[in-house]
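Please look at the sequence and the model first, and then read on.

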Amino acid sequence: AVFLAAADYGESYVYLKNLSTTTAEKIYIRSGATGSANILTLEAEEFTFFPWSSDEDLVYDADSGTPVMEIMLFEK
């Protein structure tokens with residue numbers, strides 16, 4: 001599912017955190033269409049902060065279970 005649509009934002013910084021405490025609940029982040037290659041995996045309780053040019057949508061999928069992802073977007 002798309003969680004940040006490129007058409008809605010300009011260049012930004014993105015903070016993501018997997019709030020799950022269950023090790024099997026991984027979150028996969030992809031750039032572009034659903035089904036494209038993973039660019040990052042968030043294990044339980046992991047976070048990341050990265051620049052995003054907003055030229056492609058950001059898409060997520062869960063490995064198993066229903067992990068919750070915290071999202072913060074800092075638009076330039």
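A residue is called buried when its relative accessible area is under 20%, exposed when that area is over 50%, and partly exposed in between. The model discussed here is predicted.

Q: Is Ser54 buried, partly exposed or exposed?
A: Ser54 is located in the loop that links strand S5 (47-52) to strand S6 (58-62). Its relative accessible area is 12%. Buried means under 20%, so Ser54 is classed as buried.

Q: Which residues are in contact with Ser54, leaving aside its neighbours within four places in sequence?
A: A polar atom of the Ser54 side chain lies 3.4 Å from the backbone oxygen of Gly10. Once the neighbours within four places in sequence are set aside, the residues in contact with Ser54 are Ala6, Tyr9, Gly10 and Glu11.

Q: What is the phi of Ser54?
A: Most residues other than glycine have a negative phi. Ser54 is not a glycine, yet its phi is positive, at about 60°.

Q: What is the phi of Glu45, and where does this residue lie?
A: With a relative accessibility of 52%, Glu45 counts as exposed. Glu45 is not a glycine, but it has a positive phi of about 65°. Its place is the loop between strand S4 (38-42) and S5.

Q: Is Ser20 buried or exposed?
A: Ser20 belongs to the loop between S2 and S3. Its relative accessibility is 8%. The limit for a buried residue is under 20%, and Ser20 therefore counts as buried.

Q: Which residues does Ser20 contact, leaving aside its neighbours within four places in sequence?
A: A polar atom of the Ser20 side chain is 3.0 Å from the backbone nitrogen of Thr22. With neighbours within four places in sequence left aside, Ser20 is in contact with Glu25, Ala44, Glu45, Pro67 and Val68.

Q: How many Å apart in space are Thr22 and Ala44, C-alpha to C-alpha?
A: Thr22 sits in the loop between strand S2 (12-18) and strand S3 (27-31). At 40% relative accessibility, this residue counts as partly exposed. Thr22 and Ala44 are 22 residues apart in sequence, and their C-alpha to C-alpha distance is 6.0 Å.

Q: How many helices and strands are there in the protein chain?
A: From the N terminus on, the elements run β-β-β-β-β-β-β. The protein chain accordingly holds 0 helices and 7 strands.

Q: What is the radius of gyration of the protein chain?
A: The C-alpha atoms fill a box of roughly 35 × 25 × 15 Å along the principal axes. A compact globule of 76 residues would have a radius of gyration near 11 Å. The value for the protein chain agrees with this, at 12 Å.

Q: What share of contacts between residues at least 6 apart in sequence joins residues at least 24 apart?
A: Buried residues make up 34% of the 76 residues in the protein chain. Among contacts between residues at least 6 apart in sequence, the share that joins residues at least 24 apart is 78%.

Q: How many Å apart are the mean positions of the positive and negative charges?
A: The protein chain exposes about 4500 Å², of which carbon and sulfur atoms supply 50%. It has 4 positive and 13 negative charges, and the distance between their mean positions is 5 Å.

Note on methods
Residues are numbered from 1 along each chain as its sequence is written. This is a predicted model: local features need pLDDT of at least 70, side-chain atom pairs count only at pLDDT 80 or more; totals for chains, interfaces and linings use all residues. Side-chain values use heavy atoms; hydrogens and water are left out. Helices (H or I, at least four residues) and strands (E, at least two) are DSSP runs, numbered from the N terminus. Buried means under 20% relative accessible area, exposed over 50%, partly exposed in between (1.4 Å probe, protein chains only). A polar contact is a pair of N or O atoms within 3.5 Å; within protein, one must be able to donate a hydrogen and the other to accept it, and residues adjacent in sequence count only if both atoms are side-chain atoms. Contact means heavy atoms within 4.5 Å. The radius of gyration is taken over C-alpha atoms; the globule rule is 2.2 Å times the number of residues to the power 0.38. Accessible areas come from the Shrake-Rupley method with a 1.4 Å probe; for residues, only the protein chains shown count as cover. Lys and Arg count as positive and Asp and Glu as negative; His and the chain ends are not counted. The place of a charge is taken as NZ of Lys, CZ of Arg, CG of Asp or CD of Glu.
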